[in-house]
Amino acid sequence: MSTRFWCETAWVDGLVATGVLLTADDTGTLTSVETGIDTPPTIAEVVPGFTLPGGVNAHSHAFHRILRGRTHGDGGTFWTWREVMYSVAAKLSPENYETVARAVFAEMLAGGYTSVGEFHYVHHAPDGTPYGGDDSTRAHAMERALARAAASAGMRIRLLDTCYLTGGIDTDLSAEQARFGDGTIDGYMDRHEALSEAFATEFPVGAPGESFVHVGSAIHSIRAVPAANLPRFADLDGPVHVHLSEQPAENEASQAAYGTTPTQVLARSGVVASNLSAVHATHLSEDDIATLGGAEASIVMCPCTEADLADGIGPARELADAGATISIGSDQHVVLDALREIQSMEAGERLRSGQRGRFSPAELITSLTEGGARSLDLPVGELAVGKACDFIAVATDSMRTYGSAGEQIILSATSADVSMTVSGAQVRVRDGVHTELGPISELYRAAFAALGMED
Ligand SMILES: [Zn+2]
């Protein structure tokens, strides 16, 4: 049984093609991509507008969405924002987090993303006790909640199981950080291995289009994992992500403790490699840029969050020129809009350089799609045979997009123009409404109620 979509126009092999017939098998994997088909076959669903491979959101903390529109009252800094974030983290339970994450992943699909790298560190009960104990069905309860939420919404997830051991360099975890920690690096590695085995059974990885849950690893930051423990991550297979130099204070702490930058601390430990994704990479030296580029690492720029938190503008163009792969993340979800995220990256480049077109529209699409697919090591990001049938359709006739030329539409459209989101060859969101879960605002009503925050 195959599923067919006929796209009026679509991004295929780096060009705008017309009359594109996509055929997927019953695993949701593309089996053919034909262009120049003038008339839609009767068995195909017609997809008007401009079809793009689904966006890859390479950096997410799902629960941070709860903070949106609630942290602007008193100004403050990244660090004061973090205090508010901890107050939400303290409310999370496996039950309410599944409700929250389902709403967030549904909004993410509506915003143009079909895959997510969920950078997850809220592992344990608030006092730091692991879920489960004598009841093995409760083991990895928070991780299972995220995986189930993603699978039920139709969001492909790489759960980046995060190591978080210290509250700062040589500083114990605070009480509010207790649920993030695994005690020691061995504690983390043992739990990570058990999680990987549990998920391999519960969410087996099969054909590209049908595998929605994958596991990866993350180092929270060089603030939260001692340098002596970092070499252990060089032995892991698959994606390894790390928050890197988001704030100058991290660089200062690194210099004071290790006499060098966070990037060089990672490099000395052997983890700067092609499977590493450095998230933010905002405050880098020229040596740092050369190190990350030379290793062909991935970089996850989160421009809307970086603007919201007053982090600064990272050297995306220089990193790309040095050999790094640029991808995109929405991080704390100040917006969930794949188009606005890539527009913001280019806007930052223009503002800091005085030049337009620092990234071409084609390069911006590549960052959102193939770049993210590489960062998360998922079989997505291209409308090509063997990849998952994951795509979004952007309306070409809205008040925002009317008259846009070809792929330049990605600089004029917003998430309001995403008329259809498909993952695994199934329509998940149509005109802003989730096809199985219903209106996404109602999912948020349930999420805020579950957190006791309905007022
Ligand atoms: Zn983050």
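Two strands count as paired if DSSP finds at least two bridges between them, and strands (E, at least two residues) and helices (H or I, at least four) are DSSP runs numbered from the N terminus. With that in hand, let's look at this predicted model, where local features need pLDDT of at least 70, side-chain atom pairs count only at pLDDT 80 or more, and totals for chains, interfaces and linings use all residues. Residues are numbered from 1 along each chain as its sequence is written, and side-chain values use heavy atoms, leaving out hydrogens and water.

Start with strands β8 (residues 213-219) and β9 (residues 240-244), which pair in the parallel sense over three bridges. Here isoleucine 219 has valine 242 in β9 as its bridge partner. Both strands belong to an open sheet of eight, ordered β5-β6-β7-β8-β9-β10-β11-β12, with parallel pairing. At its edges are β5 (55-60) and β12 (325-328), each of which pairs on one side only.

Now move along to β10 (residues 276-280), which runs parallel to β11 and is joined to β11 by three bridges. Serine 277 stands opposite serine 298 in β11. Strand β11 (residues 298-301) is covered on both faces: Ser298 and Val300 on one side, and Ile299 and Met301 on the other, are all buried (under 20% relative accessible area, with a 1.4 Å probe and protein chains only).

Finally, find two helices, α2 (residues 94-110) and α12 (residues 440-450), packed at an angle of about 155° with their axes 8 Å apart. Axes are lines fitted to C-alpha atoms, for helices over the stretch in contact, and angles run from 0 to 180 degrees between N-to-C directions. That makes α2 roughly antiparallel to α12 (an angle over 145 degrees).

Key
Angles under 35 degrees count as roughly parallel, over 145 as roughly antiparallel, 65 to 115 as roughly perpendicular and the rest as oblique. Buried means under 20% relative accessible area, exposed over 50%, partly exposed in between (1.4 Å probe, protein chains only).
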